[in-house]
Amino acid sequence: MADYDLKDLVAWDARIREAVAKLGLNCYDQEFELCDHYQMLGYMAYSGMPSHYPHWSYGKQYEKLKTLYDYGVSGLPYEMVINAKPSIAYLMRDNSLLLQVLTMAHVYGHNDFFKNNFTFRSTRAELTVELFKAHAMRVRKYVEDPSLGIDAVERVLDAAHALAFQRRRNLAIRKLSREEQVKLTMEAAQPKPDSYRKIHRPSEFQAPDVNKVPLEPEQDLLLFIRDYNPYLTEWEKDLLTIVDEGARSFLPMIETKIMNEGWASYWHKRILDSLGLDQGLYLEFLVRHNQVVRPIPGQINPYHLGLKIWEDIHRRYTNPAPEEIERDGRPDRTGDEKLFQVREVERDTSFVRRYLTAELARELDLFKFEPRGSDLVVSEVSDEDGFEEVKETLLRNIGTNSIPVIKAEDADFGQNRTLYLRHYHDGRDLHLEYAEKTLAYVYALWGRECALETVVRGRRILLIYNERGFSTRTIK
Amino acid sequence: MVDSIFRDYRGSNAERSDRSAGDRTRHRQKVRESIRTNIADIIAEESIIGKDKDKIIKVPLRGVKEYRFVYGDNAPGVGQGDGNTEPGQVVGKAGTEGPGGDRAGDRPGVDYYETDVTLEELIDIMFEDLELPDLDRKALREIESRRTSKPKGHRKVGIRARLDKRRTAKQRVMRKLATRPETDGSEEQETDEAERRFPFHTDDLRYRHVEPKMRRESNAVVMCIMDTSGSMDTMKKYLARSFFFLLYQFITTRYRNVEIVFIAHHTEAKEVSEEEFFHKGESGGTFISSGYVKALEIIHERYHPSIWNVYAFHCSDGDNFDSDNPAALRSARELAEVCNLFGYGEIKPLGSRYYESSMLSVFRRLNMPNFHTVLIERKEDIWPSFKTFLAKERASEGAA
């Protein structure tokens, strides 16, 4: 360690927590662990989890991170926090005292967000660490089982990983059970109440087919396959459950990347401003802070974008410009109250949709680009006409919106137990090589023919994978 | 909120700091698998001749991608500019990861990456299932091949991996019984003893002992014969040398004691050193027979076929003087008779086989089961032709 020891960190932590409480943040208990860069790489490869089931893809991730780090292409993050109760954060022990202080303040920002944002409600933070530990034990048990072995387990895990994020995105919306779906379908099929039934011929009751699987298009592909492929063994089903639960607990992170990073950056700034740092530390703080939240030309830096939006919200509710008052009316609450409300009820999509204003987008110089020939060309900038389109494009690229929506429509297509999937095309075509290989994974789990309906260059086609391999067909 | 917990750095916690070791090994295995299936391309793309064994070769990995459903090339994106971005401005290349480099991690391009392997590792992977075919038992075996080891008893010292837990536990039990104080059988004393901890002692440890075992195989000599005449232009020499380089690497990595003889010939042949063989150019006409005669001479002098397994490989562009053809055929037959395997690789870079003469038609008349010819037209052919000569299956093929 450099210019401080553990006691210093504890002392600074007490001061930071005092500031945290005064500023009104509401956090889980916090644990910090000091680690070196190898350990940090290890945590990064396993999404920060203290224990995690083994799979070669994490080894690959580690090698990749290490190569990038060794060649100086990318540095390591100053910290890593996981959504658990108590929250666990890893600090790099080689960092300077100022960086540790900054990082701890940043960590409390994340911690507050984990505890209060609605997307994290459905994750049970007190069980996160235990959940992953249990997963690890179960997967190891299967790998070590002589009748299964690593190849059999990997075959399922490889396929399951490919589909892990083909799932419902908003966990706050409750998924209806099969019984509820049947009930709703029956209700919907009932004839509408008719106040002229005395003179009208009663409309005939058409019994809906409630045996269809799925009743409504189903987006949780892993769970769907688990529940409706009768030939899967118990351990295969368990592996699908494990991968699904893992992906489910990371979903809120993906859904709130901009908000979460922006929030932590916003608060570490305010916390450190309130600590009364001496001049040397404060200057170092400003340098580091600006490194983290600087815009990256041509890309979107979630730290920067998030921070800017949060600052803008606070400004508009504390010190609005006259034309903003004219447009939006006087603010109905203080800036801080508004911030706390927004951090609770929004996720990235709604956050950007509601709070990224045309003025802010212009200030940030956001632009939309499109491939044209072999070049990426700017097609819209955030001026009066272009802003809405830039925003729409941005919305489509944040959170899980960058993952194609694919739903299972029929588990028994053509009475042939063919799994019929449909890609809900929104103008963006699938990457076909990837679609082909991923469909092979679906086939590996489903065990029978799988078909995926999609649109390629404006034409509807069906990608099919069965025992003879891959084929395509145009849909009339 | 209670006080935060700080856990200080624990450097020696090996399990935690190297938790990814198993997954990395598994990943490396996948990489090897991927390299094995793409080896022909790698050989073709890389000039590996004469390179240091530690040279690092970049190998594109195709087999270890993690496929997902992702969007393709026509998806638009959003970026942040410097304040003066204008419509129509070019901000990057399509098909890469977006402007300025890295975009979201969901792009297929990100998953395509290269890995570094050393040349030695590569050669190791390549030669995994190749061997010198039809190796006969000969008198006075000399080659040491395949070091193995067999278990032989137990020792009190050894490396951790060879710790015999069962025996160690037994030793502890024995020691425990031996140190038990004499009892009068009263209950009290026995429970006391059961409660006393009795830990393992260094003296209990037992390690399996293994002795290295050497299997001796027959003597073998490999004759590398290369045409170095003027008609062998740079490209042809490159192909021939690549072939011999692979052969040389193969023999030196897989066999500990195989002799290698290098013969370079144009109108006359001479035995040369490894260095000269791989790096020196010659010129002049071609008498293929001269190379064979020289090889035969060396064999009769130093490597009698009753004691030695002889393998001969010849690379030439086949542009032989017509007058030499009968002599070449005759000496090739003679050579094939004393050799376990005689391979002839004809180097004809694309197109040149249409206007240059070829020995392939001449050698067609040489109908010997242990004589094989291949045509090498491109870099991509080197590896397949190499495999034709040395594939393990050949032995069974020949027997059938």
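A residue is buried if 20 or more other C-beta atoms lie within 10 Å of its own, exposed if 12 or fewer, and partly exposed in between, with C-beta atoms placed from the backbone. Keep that cut-off at hand for chain B, where 31% of the 400 residues count as buried.

This is a predicted model: local features need pLDDT of at least 70, side-chain atom pairs count only at pLDDT 80 or more, and totals for chains, interfaces and linings use all residues. Residues are numbered from 1 along each chain as its sequence is written, and chains are lettered from A and ligands numbered from 1 in the order in which they are written.

**Stop 1: chain B**

Select chain B. Chain B holds 14 helices and 13 strands. Helices (H or I, at least four residues) and strands (E, at least two) are DSSP runs, numbered from the N terminus. Now turn to contacts, meaning two residues whose C-beta atoms, placed from the backbone, lie within 7 Å. Of the contacts in chain B between residues at least 6 apart in sequence, 82% join residues at least 24 apart.

**Stop 2: where A touches B**

Show both chains. Chain A puts 72 residues into the contact and chain B puts in 56. On the side of chain A that touches chain B, helix 3 (residues 56-70) gives the most, with eight residues. Colour that side of chain A by class: 37 residues are nonpolar, 17 polar and 18 charged. Here Ala, Val, Leu, Ile, Met, Phe, Trp, Tyr, Cys and Pro count as nonpolar, Asp, Glu, Lys and Arg as charged, and the others, Gly among them, as polar.

Next, pick strand 5 (residues 375-381) of chain A and strand 4 (residues 90-93) of chain B. The two pair in the antiparallel sense over three bridges; pairing requires that DSSP finds at least two bridges between the strands. Zoom in on A:V377, whose bridge partner is B:V90.

**Stop 3: domains of chain A**

Colour chain A by domain: domain 1 (128-171 + 215-254), domain 2 (310-401) and domain 3 (404-474). The bounds come from an automatic or database domain assignment. Between the C-alpha centres of domains 1 and 2 of chain A the distance is 37 Å.

**Stop 4: helix 8 of chain A**

Is A:L223 buried or partly exposed? A:L223 counts as partly exposed, because it has 18 C-beta neighbours inside 10 Å. The buried residues of this helix are A:L221, A:L222, A:F224, A:I225 and A:R226. Their cover includes helix 6 (149-163), helix 9 (234-255), strand 6 and helix 18 (432-446) of chain A.

**Stop 5**

**Stop 6: two crossing helices**

Finish on helix 10 (residues 257-274) and helix 15 (residues 348-355) of chain A. Their axes come within 7 Å and cross at roughly 75°. That makes helix 10 of chain A roughly perpendicular to helix 15 of chain A, a class that spans 65 to 115 degrees, with under 35 roughly parallel, over 145 roughly antiparallel and the rest oblique. Axes are lines fitted to C-alpha atoms, for helices over the stretch in contact, and angles run from 0 to 180 degrees between N-to-C directions. Select A:K257, A:I258 and A:M259 in helix 10; they meet A:D348, A:F351 and A:V352 in helix 15. By class, this contact has four nonpolar, no polar and two charged residues.
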